[in-house]
Amino acid sequence: MTNIELLKAELHSTRASLLAHPVYAQINDLPGLVKFAEHHVFAVWDFMSLLKSLQRHLTCIEHPWMPKGNANTRFLINEIVTGEESDVDELGNRISHFELYLQAMQQMGANTQLLDSLFVEIRSGKSITQAISDAAITQEVKDFLHFTFDTIENQPVHVQAAVFTFGREDLIPDMFMKILEKIHEEYPEKVSIFKYYIERHIEVDGGHHSQLALEMVSSLCGDDKIKWEEATKASIASLKVRAQLWDGILKSLS
């Protein structure tokens with residue numbers, strides 16, 4: 001087995017448990033989907049933050065420009081950034097996946113006020129750690145965000161890449177897609193953008209981008225046993241904190 005296959009094998013049971021999380025069965029109507037989105041949007045946002053941290057580490061984003069790192073890795077991360085920051089909506093207009101998610105929330109009537117308030121605090125100059133701690137969000141969302149930004153600020157780039165690749169890998173079971181289809185049939189005018197977002201997310205992030213991310217992790221860890229161990233440990237931790245986020249959503253649905 002290759003190193004990447006060994007890492008996947010280590011994650012298998014934790015990932016399988018997450019895919020079987022009871023929260024999916026509880027998102028069975030429009031109000032449930034709204035509640036899910038109001039929590040999950042924070043994960044969509046900090047995914048972008050993790051991605052931009054990787055771009056900062058792996059490419060030159062300053063001037064004067066100087067070659068930095070491996071050209072193959074630069075290509076991989078830049079292609080992912082392009083797709084995430086400037087994909088297309090269902091009408092073919094350029095948009096980031098995060099902004100598309102916000103549009104989906106607005107269409108279904110979800111509340112973005114907690115996220116908006118967090119952005120106001122960050123833009124006012126408050127540190128990301130303090131802004132998260134002070135935000136009026138659930139403890140599970142806070143813990144999830146703290147994990148991500150601790151990874152960004154304190155972990156080496158190969159660990160960040162592993163968390164990005166395996167901790168944020170698509171976790172959308174078939175059951176959730178069937179439920180989403182049902183809700184869309186009942187409320188097409190409320191759920192069409194969200195349905196497009198999920199389908200596009202699976203197509204782009206779960207397919208082509210997933211393969212690029214695997215190549216990135218392999219390149220950054222190389223043949224260094226310690227790096228692979230660190231990447232595996234961080235990936236497991238990220239899946240566990242995602243499970244806690246799902247626990248929080250389940251609690252709110254109850």
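Contact here means heavy atoms within 4.5 Å. With that in mind, welcome to a short tour of this predicted model.

**View 1. Ala243 and the residues it touches.** Let's begin in helix H12, the place of Ala243. Not counting residues up to four places away in sequence, Ala243 touches Leu18 and His21. Is Ala243 buried or partly exposed? Its relative accessibility is 22%, so Ala243 counts as partly exposed. For a sense of distance, Met66 lies 177 residues from Ala243 in sequence, and their C-alpha atoms are 41 Å apart in space.

View 2. H1 covers residues 3-19, and at 1.5 Å a residue its 17 residues should span 24 Å. The C-alpha atoms at its ends are 23 Å apart, which agrees. Where does H1 bend? Look for His12, where H1 bends by about 50°.

**View 3. Helices H3 and H8 side by side.** Here H3 (residues 30-58) packs with H8 (residues 139-154), their axes 10 Å apart and at an angle of about 0°. That angle makes H3 roughly parallel to H8, because angles under 35 degrees count as roughly parallel. From H3, the residues in the contact are His39, Phe42, Ala43, Trp45, Asp46, Ser49, Leu50 and Ser53. They meet Val141, Phe144, Leu145, Thr148, Phe149 and Ile152 of H8. What kinds of residue make up this contact of H3 with H8? Nine are nonpolar, four are polar and one is charged.

**View 4. Asn111 in a loop.** Our last stop is the loop between H5 (97-108) and H6, where Asn111 is found. Asn111 counts as partly exposed because its relative accessibility is 46%. Leaving aside neighbours within four places in sequence, Asn111 is in contact with Glu38 and Met105. Ala136 is 25 residues from Asn111 in sequence, with 13 Å between their C-alpha atoms.

Methods: Residues numbered from 1 in each chain as written. Predicted model: local features only at pLDDT ≥ 70, side-chain atom pairs only at ≥ 80, totals over all residues. Heavy atoms only, no water. Helix = DSSP H or I, 4+ residues; strand = E, 2+ residues; numbered from the N terminus. Expected span 1.5 Å × (residues − 1). Bend = angle between axes of the 7 residues up to and from the residue. Axes fitted to C-alpha atoms, helices over the stretch in contact; angles between N-to-C directions. Parallel < 35°, antiparallel > 145°, perpendicular 65-115°, else oblique. Nonpolar A, V, L, I, M, F, W, Y, C, P; charged D, E, K, R; others polar. Buried < 20%, exposed > 50% of the residue type's maximum accessible area, 1.4 Å probe, protein only.
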